[in-house]
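Take a moment with the sequence and the 3D view below. Then use this briefing to find your way around.

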Amino acid sequence: MLWPLIALPALTGVALLLCGRRADRLAPVAALVVAASTTVLAALNAVGRGEVSVPLLSGIPLSLGVDGLSAVMIVTVAAIVTAVLVFAAGDLGRGEPLARFHGLMLVFAAAMLVTVTARNLVTLLLAWEIMGAASYALIGFHWSDPRRAASGLIAFLTTRAGDLGLYLAAGAVLAGGASTLALDALAETGGGWRDAAAAGILLAAFGKSALLPFSFWLSRAMAGPSPVSALLHSATMVAAGAYLLLRLEPLLAATSWAGSVAAWGGLATAVALGAVAVCQSDLKQLLAASTCAQVGLMVAAAGMGGVVAGTGHLVAHAATKSLLFLGAGAWLTALGTRNLTGLRGAARAYPVVGVTFTIGALALAGVPPLALWPTKEGVLVAAHETSTPLFIAAYAAAVLGALYAGRAVTLVWSRPVADTEKHRDGVETGTRRVNAAQALPLPVLAAATVVGGAAALPVVRTEFATLLDIPAPAITGPELLLSGAVAVAGVAGVAAVIRWRGDIPAPAPLAGWLGLESAARRFVGAPVLAAAHALARFDDRVLAAGTGSAARGVAELARRLAGFDDRALAAAVRGTAAASMAAARATTHGPERAIARAVGAVAAGARELARWARRPETGAVHQYYAQATVLMVLLAAVLLVLT
C-alpha cells in the first residue's frame, strides 16, 4: 500500500500540470478526491508499516518505509493537505489557473510523503529537491506580479543554499565507507566523516526550516496564496527540517557538538523570531515569524534528545498553524487586508472564523487545555534535563509565544478604531463574506487542536511514545499547571497593554525581521556577485582571448597541413604511377582519389573542430560548469573501461 500512497498524488498532480487550463474546472474536485484517498491510504500504511524498495543506483536502492515516526507524519501531512485543499476550493477564483495550482499542491504533498518515508539519503535527496522546486512555483504562483515572483526566487535560492548540506552529508557518508546511505546507519559513519555528515544535515535542516540565519525566506514566502502559506508552515516544507533532525537524532547524539548546535540554534531562533512575531503589524508575517519560533523548539528538542516532545510539538503545531493561516486567509478574502489594524473587529464580524482562530491562537500561546500546552511543556522538560541556560532560553521562547498569540487574538476581537477602514481592501478587494468551503475546515482543525490537549494525560503520552518506540518523558502535574498559568498570564498581560495603549510598540529592527534579508544581500549576495563579475571579466579578457587565438591557430595549421598533405601525397602517387605503370593501369587512379578524399576529410574535420572550439566561449559560468561535468563523466567512463 506504500506505492499507491506516493503514486496517487504524484501522478494526479503531474497529469493536472500537463493538462493545463483545460483541466481547471475538474482540478479542485479531482485534487480533493485524491487528497482524501491519500489520507485513507496514509492511515492504512500507518497501521500496516510497509516497506518497499526498487533498484536505483549500484548498491543504493530507492527505498521507502513506515515506522512509528513516519506513521505519525504521513497521517498528519495527508490530513492537513486535505483540509487546505477544501479551503482552496472556496478561496481561489474561477479565473485562476486552478489545474496548475492543484497539480503543484499534489506534487508537493507527494514529495513530502516521500521525504518522511525515505530510508536512505538518495531517496531523501530526490524528494527534497522536488519539494523545493514545487515550493518555488507555489510561492511565486502569481508570477505576473514582479514582487511575488522575486519572493519565490529568494525563498528558493535561500533554501537551495541550505540544501547543499545534504550533498555534503551524502559525500561524507560515502567517504566514510558506507555503501547504502541508509539513514539509520548514518551515526555509524567512521572517523571525522561522521562530523562532516552531521554538519551537512544541520545545514540542510536549518535552511529548510527557516532557522537563523535563513529565517527571512519565510517572510518572503507570505507572497504566496493563503492555502500555500497554510501548507508550507504547518506539516510540510518548514517542518521537514525539524523532522529530519528528529529522525537523525542518533547522528546528533553520536557527535560531541551537533546536538548542542541544534539545541542552541533552535532556541536562539525561538527567542529571536518570537520577539519579531510580537512586533509585526501584518497578521501573516506574525504567523510566519511564530512558525520560525515554534519550529525552533522542535529542532531544539531533537538536539536535546527529546524526540517524543519534538514530534508531539510538530503534530500539534501542524493542526494549529494550518488553522491560523486559513483563518487569516478567510479574513484576507473578506476584508482585503492582512494588517492587524484593519483586522480589528474581524472576529466579531465573522464569528466562525473568529472563534476558531481564537482557539488556534490560544493553543499557540500554550494555554490549557489545548494542543501545544503539553507538547511545549515536554520541550521545557527536555531543556531542564539538559542544562539550566537552555531551560531559561526555552522558557523565554514560551513566554514570547504567549505574547504574540495573545496580541493577535486581542486585536482581532478589539473594536475598530478611526483608521481601521483605511487599512481594508489594500491587498485585494474584499468580498465581505466567508464562503462555506473556506469555513468548513476551520471547525475540524479547531476540534483537532482541542483534542490534542489530551497529550497532557500520562496514558496518552505513554501511548504516543510507544508508537514512536521511544520512552515517554516524565512530566509532572505541577510543571504543566505552572506552564499553563504562565501562558494565561502572558495572554492576559498583552491584552491589558493593548487596551491601555492601543497596541504594543514595535522597534524597527524587530518589525523588519532583524534585517536578515539585507544582511544576507550585503554579506553573502554582494560578495558572490562581485566574485562572479570579476571572474566574468577575467574570462572575457584572458581566457576568451587566449582560446580564440588558439582556435585561430589550430584552423590555420589545419589549412596548411591540408595543403601540404595534398601536394605531398599527390607527388607520391605520381611517383608510384611512373615507377609502376602496370600496377597503375590495373588499378587506374582509384587509390589516388581515395587517399585524396581521406586527406580532404581530415582537413575539413580539423577546420570544423577549430570552429567548434570557439563555441564553448560563451561567458556563462553555468555552461562552464556543465562542460566540466560532462568531461568528468567522460573521464569516469574511460577510467571504468580501462580498469
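This briefing starts with the whole chain and then visits two sites.

The model is predicted. Its chain has 643 residues, and 50% of them are buried. The fold includes 27 helices and two strands.

**The whole chain**
- The accessible surface comes to about 27,500 Å².
- Carbon and sulfur atoms hold 69% of that accessible surface.
- Take the contacts between residues at least 6 apart in sequence: 82% of them join residues at least 24 apart.

- Met1 sits in the segment before helix H1, which covers residues 2-19.
- Is Met1 buried or exposed? Its relative accessibility is 54%, so Met1 counts as exposed, the cut-off being over 50%.

**A loop residue: Ala474**
- Ala474 lies in the loop between helix H21 (458-468) and helix H22 (477-501).
- Ala474 counts as exposed because its relative accessibility is 55%, and exposed means over 50%.
- Which residues does Ala474 contact, leaving aside its neighbours within four places in sequence? They are Val381 and Glu479.
- Val381 is 93 residues away from Ala474 along the chain. Even so, the C-alpha atoms of Ala474 and Val381 are separated by 7.8 Å.

Conventions:
Residues are numbered from 1 along each chain as its sequence is written. This is a predicted model: local features need pLDDT of at least 70, side-chain atom pairs count only at pLDDT 80 or more; totals for chains, interfaces and linings use all residues. Side-chain values use heavy atoms; hydrogens and water are left out. Helices (H or I, at least four residues) and strands (E, at least two) are DSSP runs, numbered from the N terminus. Buried means under 20% relative accessible area, exposed over 50%, partly exposed in between (1.4 Å probe, protein chains only). Contact means heavy atoms within 4.5 Å. Accessible areas come from the Shrake-Rupley method with a 1.4 Å probe; for residues, only the protein chains shown count as cover.
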